[in-house]
Amino acid sequence: MCDAPGFLQFLTAVAEMARGAHAPSILPAWERELLFARDPPRITCAHHEYEDVIDHSDGSYASNNQSNMVQRSFYFGAKEMRVLRQQIPPQLISTCSTFDLITACLWKCRTLALKINPKQAVRVSCIVNARGKHNNVHLPLGYYGNAFAFPAAVSKAEPLCKNPLGYALELVKKAKATMNEEYLRSVADLLVLRGRPQYSSTGSNFLVSDITRAGFGDVNFGWGQPVFAGPAKAMDLISFYIQHKNNIEDGILVPMWLPFSAMERFQQELERITLDPKEDICNNLRSTRIMSMM
């Protein structure tokens with residue numbers, strides 16, 4: 001029905017009227033025909049997110065097995081981002097965003113945690129909104145319909161797990177760069193030609209959405225700004241990046257949804273990849289002292 005900017009527009013309208021306004025400051029615009037499929041429809045881009053998946057997993061990740069799944073949230077602050085940036089090639093540091101780096105990190109750690117068959121193709125899809133200034137999609141003020149796509153980065157599990165973080169990072173950047181008006185219209189045409197195919201719900205697929213700049217934290221119903229603004233949890237294969245302030249700093253909170261055993265491994269992998277080398281040396285020295293005392 002709507003995407004994040006559209007939902008924010010609705011919440012803002014309700015908040016304005018709750019504070020006494022007689023009408024929203026931005027009136028809603030329907031105009032869904034602006035993003036209809038072309039006539040005749042034609043697929044002009046590669047859409048890995050809709051490719052059929054041959055699942056070689058053991059079935060431990062199953063969205064219908066709710067009793068096996070657990071939720072946890074993970075925080076990325078200045079320290080975590082600094083450690084991650086130390087692991088990527090110099091030529092990528094100036095061109096990668098925080099979103100790119102977190103996505104590459106999560107994709108790699110999640111694939112390791114799920115112990116996916118090394119030959120299995122794994123994908124991470126990045127929700128990219130067409131309203132961005134780089135995507136050349138012109139929509140009227142007040143348009144609240146879906147105006148996004150989720151281009152996918154694809155790799156076999158083995159190289160993703162064995163290569164340095166820069167490998168995953170380059171794939172994520174390349175997938176995001178495919179998003180423009182032509183890509184969005186090609187998606188609309190694909191949905192018509194293929195009868196609205198579903199995004200595969202196997203564990204080898206992962207979808208992420210950055211809502212840190214969506215503006216939900218600015219909505220005021222008359223009680224001031226919210227303490228927390230964003231999804232309460234991950235949704236099946238989807239994780240959201242949520243602006244969050246702990247006791248010290250502003251950072252990003254990411255909820256994850258995984259089988260229990262995989263969640264334990266995911267947490268271990270994430271701690272390992274975001275461990276400051278100085279902390280690691282201190283831990284080793286501490287362990288050595290304990291051993292020598294014994």
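**Exercise 1. How much space lies in the largest pocket, and what lines it?**

Before you start: this is a predicted model, where local features need pLDDT of at least 70, side-chain atom pairs count only at pLDDT 80 or more, and totals for chains, interfaces and linings use all residues. Residues are numbered from 1 along each chain as its sequence is written, and side-chain values use heavy atoms, with hydrogens and water left out.

*Solution.*
- Step 1: the terms. On a 1 Å grid over the protein atoms alone, a pocket is an open set of points where a 1.4 Å probe fits, with protein on both sides within 12 Å along at least five of seven lines; lining residues have an atom within 4 Å of a point. Points are joined across faces, edges and corners, and the volume is the space filled by probe spheres set on them.
- Step 2: the volume comes to about 1500 Å³.
- Step 3: 47 residues line this pocket, and Ile127, Asn129, Ser209, Asp210 and Ile211 are the closest to its centre.
- Step 4: helix 1 gives the most, five residues (helices are DSSP runs of H or I, at least four residues, and strands runs of E, at least two, numbered from the N terminus).

**Exercise 2. Look at the second largest pocket: which element gives the largest share of its lining?**

*Solution.*
- Step 1: the volume is about 810 Å³.
- Step 2: of the 24 lining residues, Tyr50, Asn146, Val187, Leu191 and Arg196 lie nearest the centre.
- Step 3: strand 4 (148-149) and helix 7 (181-193) each give two or more residues.
- Step 4: helix 7 takes the largest share, with six.
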